[in-house]
Amino acid sequence: MIKKDKIKVLFRHRSMEMGGVEKVVLSMLNHLKREKFELTICLNINQGELRNEFPSHVRKVYIAKGKEDFSKNPLIRKLQLALRWIKLNKARKDPSIADRILQDQFDVEIATTYSVYETVLNSTNKKSKKIAWLHSDLTLPSFDAYRENIFQNMQQFDYIIYGSQQCKDVLEEKYYDVQFPPGKVILNAIPIEEIKEKALAFIPEFENVPTFVSVGRLDIRKGYRTLLEAHQKLLAEGFIHHIYVIGNGDDYEMLSKRIDELGIKNSFKLLGTQINPYPYVKNADFYIMPSESEGWPLIIAETLILQKPIIATAVGGVPEMIDHKITGYLTEYSEEGLYNGIKEFLTNKNLVENIQKNLTDIEHKFDNKKIFDAVEEIIEDLAGKYE
């Protein structure tokens, strides 16, 4: 048998704003063996803080420019955004537009999130094997309006990679009558040494009070609206603490307004997007994740690596990552749940010290080689190692 040349793999993704999925994409592109795979990433929009972070051996193309490349003039910028929308809409309906940009055929095409499932399925290359990555709990009410469409798309893929055991299990339990393609749970890889190094880049200026840090998109699902209320309630009862939130998103203006209304702008601070959030995590006293829904949040694993006590809502794959009152503190998603979790960390010194002690050897939980080997094996099996 003659061994094939490198397997050509195409990743399709929307854009590269700072986020967990974007870090997963970069991790895969950095670590899949270059002697085995010829890698290409195609972005719908060349936008986001991580858009220039791809390794040099990976070919990057994009359909439309990002906001970073637009005019500062408000009128011109508005026109550019409108034209971009038209271009992306045309590309969605006519996959040959992407073909003219890519100018190549691929053995395997990968949809990194459900938002680009249709993009990959509409590929004009009907011979390529197609992989869908799923990071979300599709049983949540927020998916009610388009769950059926996502299911229809999933059923057309050759393989599904699930980002957590929970997001696979809940589908099988609640939608046992839906026939999905073969699939496997593969957790996200953690660049342990890189995180540790970046965490030493600088020391943030925190005030001398108990400090919580959170990293996430300012989106309704991330729970920051609820966290605000729990924080204000604790302050009113005399439990002094500060919360710093790193990230940006649609909720920024609403959250800023609510912070002013509650009179907590000196203790609840929105820091915007930070290309390197790890010094904030390392130098805070605690980490908090107030999300209403999650998949397998990379930031939780990264925070564990930095040995920081975590309060997190017990959603998605989070209970797979944190043992309650052993390596962190799990709570329900509610104002009361977050209130109780923060109060526990502020008042229960023994609990915090015990969690801190249990985090000293947490790294053994994360086996990156096993993760990359599993993805490589899936790609090779689908593409065929020999011809």
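Reply: Start with one cut-off: a salt bridge needs a side-chain nitrogen of Lys or Arg within 4 Å of a carboxyl oxygen of Asp or Glu. This is a predicted model. In it, Glu 261 and Arg 258 have their closest N and O atoms 3.1 Å apart. That value is within 4 Å, so the pair is a salt bridge.

Me: What separates Glu 261 and Arg 258 along helix 9?

Reply: About one helical turn, because they are 3 residues apart in helix 9 (residues 252–262).

Me: Why is Glu 261 called partly exposed?

Reply: Its relative accessible area is 49%. Buried means under 20% and exposed means over 50%, so Glu 261 falls in between. Arg 258, at 27%, is partly exposed too.

Me: What makes Arg 51 and Glu 68 a salt bridge?

Reply: Their closest N and O atoms are 3.9 Å apart. The cut-off is within 4 Å, so the pair counts. The two residues are 17 residues apart, and the pair links distant parts of the chain. Arg 51 sits in the loop between strand 2 and strand 3, and Glu 68 in the loop between strand 3 and helix 2.

Me: Why does Arg 51 count as buried?

Reply: Its relative accessibility is 13%. Buried means under 20%, so Arg 51 qualifies. Glu 68 has 37% and is therefore partly exposed.

Me: Which residue pairs with Lys 33 in a salt bridge?

Reply: Asp 373, with the closest N and O atoms 3.6 Å apart. The pair links parts of the chain 340 residues apart. Asp 373 lies in helix 15 (residues 368–383). A search of the whole structure finds 23 salt bridges.

Me: Now the rings. Why is the pair of Tyr 329 and Phe 345 called edge-to-face?

Reply: The ring centres are 6.2 Å apart, and the planes are at 70°. Tyr 329 is in strand 13 and Phe 345 in helix 13. Both residues are buried.

Me: What makes the pair of Phe 212 and Phe 286 tilted?

Reply: Their planes are 40° apart, with 4.8 Å centre to centre. Stacked needs under 30 degrees and edge-to-face over 60, so this pair is tilted.

Me: How do you know whether Trp 85 is buried or exposed?

Reply: Its relative accessibility is 58%. Exposed means over 50%, so Trp 85 is exposed. Trp 85 belongs to helix 2 (residues 74–93). With Leu 79, Leu 83 and Ile 86, Trp 85 makes a nonpolar surface patch of about 450 Å².

Key
Residues are numbered from 1 along each chain as its sequence is written. This is a predicted model: local features need pLDDT of at least 70, side-chain atom pairs count only at pLDDT 80 or more; totals for chains, interfaces and linings use all residues. Side-chain values use heavy atoms; hydrogens and water are left out. Rings of Phe, Tyr and Trp (its six-membered ring) pair if their centres lie within 6.5 Å; planes under 30 degrees apart count as stacked, over 60 as edge-to-face and the rest as tilted. Helices (H or I, at least four residues) and strands (E, at least two) are DSSP runs, numbered from the N terminus. Buried means under 20% relative accessible area, exposed over 50%, partly exposed in between (1.4 Å probe, protein chains only). Patches are made of residues with over 30% relative accessible area and no salt bridge: like charges are joined within 9 Å, nonpolar side chains (Val, Leu, Ile, Met, Phe, Trp, Tyr) within 5 Å. Accessible areas come from the Shrake-Rupley method with a 1.4 Å probe; for residues, only the protein chains shown count as cover.
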